[in-house]
Amino acid sequence: MTATTAGETTLGKKPRIEPGLLSPYMFITPAVLIMVGGLLYPVVMAFYLSFYDWEIGRELQDAPFVSFDHFVRMINDPQVWEVLWVTLRFGFWVITIEMTLGIALALLLEKPIRGASVFRTIFILPLMVSPVVVGLIWRYLFDARIGWINYYLGAWFGIEPLVWLGDPQLAFFAIVFTDIWQWTPFIFIIIIAGLQALPSEVIEASDIDGANWWQQILLVKLPMIRSIIIIALLMRLIDVFRGLEVMLIMTGGGPGRSTELLSLHIYNRAFETQQLGYASAISVLLIVVVFGLSLAILNMANPMKTRSDV
Amino acid sequence: MKSLLKNGLLAAAGMALVASTGSAVASPYKPYEGTTLVVSWPSNAHFNAAQPLVEQFTEETGIEVEVDYLQYLKLRDRQLLEMSKPTGEYDVVAWVVMWKGEYVNKGLLTPLSEMYTNAGLVDPDYDINDVADAYLQNGGVVGGERGYLPGKSGGLYGIPFGAETSILAYRKDIFEEQGIEVPTTYDELRAAMETLHAAGIPALTSRGATGHQVTAAWLFHLAPLGGRVFDEKWNPVVNSPESVEAAAFLRDVVRTGPVGIPAFGFGDAVTAFLQGDAAIYLDSLKIAAMSRDPSRSKIDGKVGFALHPEGTRCGSETGGFALGIPDNSKNKEAAFLFIQYMTSKAGDQKMVDLGGDPVRISTLQNNADRFPEYSVVADQLPCADPDWRPLIPEWNELNVDVLGQALTRVITTDDPIQPIMDDANEKIRAIMEREGYYVWN
């Protein structure tokens with residue numbers, strides 16, 4: 001009763017304000033505040049810190065201003081370029097394999113076959129495991145002395161124990177394998193959601209037109225979910241550059257720098273060697289690289305643009 | 001009736017006053033009763049074992065203690081953050097000895113002289129001379145020779161607790177079976193490793209993971225083989241013949257040891273020995289207590305202990321932890337009483353009973369019959385080398401970035417060692433130059 005009265009009062013006042021003018025701003029204000037506080041502030045701070053030589057344990061205002069020294073040092077630092085190369089190689093392998101496998105699995109399990117829901121649940125399980133746990137599980141599986149992988153390689157194929165996490169090539173393979181294990185399901189669920197949302201009329205029409213299974217996939221289904229594929233690709237790309245926990249737990253970036261991704265390098269610079277200013281400068285490089293790559297992908301196919309065209 | 005009540009109340013108040021002043025005289029802890037100390041220390045065997053002693057401290061003194069346990073390598077970031085705030089959370093911190101220079105350099109610790117000049121706090125029976133000198137100097141003294149060694153310019157900032165040196169542990173059964181004598185020199189150790197390897201038995205377990213783990217493994221051999229990281233004038237000498245020999249020795253360790261050393265941290269190296277996958281161990285003395293723990297060890301009763309073998313000199317590691325008081329603590333006196341209690345003669349003995357490691361010579365001597373390694377440790381301590389690694393503020397960078405990378409190349413490739421160490425030497429020189437070490441030259 002009271003609610004109705006209140007509603008009537010509000011309604012009574014309504015004509016006197018211009019609802020169309022202010023309400024959009026009110027709706028986006030929380031999002032803008034979160035963006036500024038949660039995203040813009042850290043980025044601006046990273047830029048700011050990169051001009052100072054700051055260590056934890058000292059006041060920030062006491063940190064000496066070093067101008068562009070950190071950026072000059074970064075450009076001449078072979079370690080930074082080495083880890084950037086490791087990151088790009090890692091990104092290339094994991095994204096290519098994950099996209100291929102994820103799309104293939106989605107196409108296979110899209111049809112209502114028996115037990116599809118069980119398979120789907122099993123496939124997305126790795127996605128639910130925390131990265132630290134993933135790191136620990138695979139670290140022990142790949143362990144040279146007690147790991148299952150070496151045990152079964154020895155028992156079934158007579159292969160001598162391999163030092164998976166202590167050999168530069170094998171360790172790189174191990175982190176690529178682990179990432180594929182964890183993140184292929186992500187591509188899988190996104191793609192399968194896209195496939196299931198496709199209008200059945202189009203598929204039926206292609207059936208009537210006599211398209212075979214391959215033609216239907218390559219000429220109808222995949223082009224229709226193109227924007228979803230691009231979004232998935234973009235998210236994985238950003239993830240690759242953010243990825244840290246699994247490598248930190250599995251190999252710590254070693255042996256040498258063979259598994260040290262850019263973000264892990266930044267972490268080591270900031271917290272192992274206490275060069276927070278320099279680490280911030282490398283973070284700026286990371287932002288620039290991710291920004292550049294994202295822009296390139298969006299330029300090739302911008303899902304938002306496509307949507308607005310529709 | 002009214003006056004009776006009044007008199008009664010007065011009498012009660014008087015008694016309470018007498019009681020309180022009486023115990024203030026009797027107990028140095030009384031003024032701090034009800035205080036809550038927050039302690040930051042690592043989660044490892046020694047510190048976990050200390051929990052009952054912490055509870056006993058609270059029972060006896062009325063000073064509450066909250067312990068913040070962290071994995072030992074994560075302590076530094078957290079402690080630095082807390083200690084650099086105007087008001088920090090911690091009243092007592094346990095640091096790994098290699099951080100002491102940085103903490104003092106940044107003005108984060110309380111000099112213990114502030115406490116030792118307060119007669120009301122210092123236990124006359126404490127006997128600081130009984131604390132093993134190598135431990136005290138290495139963990140607690142900062143500002144001596146080269147900044148981290150003992151010396152007249154040094155000051156005391158911490159008391160060792162959970163400190164350690166390195167000893168050799170070996171499988172008595174395997175040595176007997178293979179007819180190997182316990183090695184006392186590096187030549188004998190090398191020969192023992194080859195004999196075991198030839199018999200198909202993994203020889204010496206070791207740390208080897210990239211970064212400070214592999215560097216620590218190399219440093220264990222560097223000091224006894226006669227090497228150093230720097231000469232007297234801060235010139236890096238990691239490409240000297242002794243350093244290269246230590247690196248070559250480490251390569252032999254990986255070749256003849258248990259599979260997987262290039263990925264081993266301390267825990268992995270220990271586990272390989274405790275699970276029976278290595279015949280020799282040469283690292284922290286903490287192995288002794290762990291080898292007796294049935295939940296971790298398959299080799300209880302089969303382990304012998306011996307001195308760290310000598311090369312051109314005797315030189316074992318000095319490491320582990322020390323306890324000190326952050327400069328921004330609000331409860332410095334109570335914190336000092338806590339540290340004093342934990343490291344007193346009774347506290348040290350209790351730590352032994354609880355399965356921890358003693359820091360006092362008298363405790364080692366009094367318990368030599370109970371634990372076979374104690375007499376070895378007592379003999380080893382005079383050889384413990386406080387300069388086996390340079391505990392300068394730049395050490396983390398040199399350790400993780402330069403040596404940790406170079407030594408990984410040594411143990412994971414067959415490349416010639418000399419050029420690898422030459423390259424590392426130049427990189428270290430560049431860092432030292434950047435940090436201003438050569439301005440006096």
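Modeller: What follows is a short talk about some helices of chain B in this predicted model.

Biologist: Why are the buried residues of H15(B) said to be on the same side?
Modeller: The buried residues of H15(B), which spans residues 345–353, are Gly347(B), Asp348(B), Met351(B) and Val352(B). They cover an arc of only 145 degrees around the axis, so they lie on the same side of H15(B). Ala346(B) and Asp353(B), on the other side, are exposed.

Biologist: Which helices do the buried residues of H15(B) pack against?
Modeller: Their partners in chain B are H2 (45–49), H3 (51–61), H14 (332–342) and H16 (361–366). Just after H15(B) comes Gly355(B), with a positive phi of about 100 degrees.

Biologist: Now the other pair. Why is H10(B) called oblique to H11(B)?
Modeller: H10(B) (212–222) and H11(B) (241–256) pack at an angle of about 120 degrees, their axes 9 Å apart. Roughly perpendicular covers 65 to 115 degrees and roughly antiparallel starts over 145, so an angle between those ranges counts as oblique. That is why H10(B) is oblique to H11(B). Their crossing is right-handed.

Biologist: Which residues of H10(B) meet H11(B)?
Modeller: Ala217(B), Trp218(B), His221(B) and Leu222(B) do, and their partners in H11(B) include Phe249(B) and Leu250(B).

Note on methods
Residues numbered from 1 in each chain as written. Chains lettered and ligands numbered in written order. Predicted model: local features only at pLDDT ≥ 70, side-chain atom pairs only at ≥ 80, totals over all residues. Buried ≥ 20, exposed ≤ 12 C-beta atoms within 10 Å, placed from the backbone. Helix = DSSP H or I, 4+ residues; strand = E, 2+ residues; numbered from the N terminus. Arc of directions from axis to C-beta. Contact = placed C-beta atoms within 7 Å. Axes fitted to C-alpha atoms, helices over the stretch in contact; angles between N-to-C directions. Parallel < 35°, antiparallel > 145°, perpendicular 65-115°, else oblique. Left-handed = near helix turned anticlockwise from the far one by under 90°.
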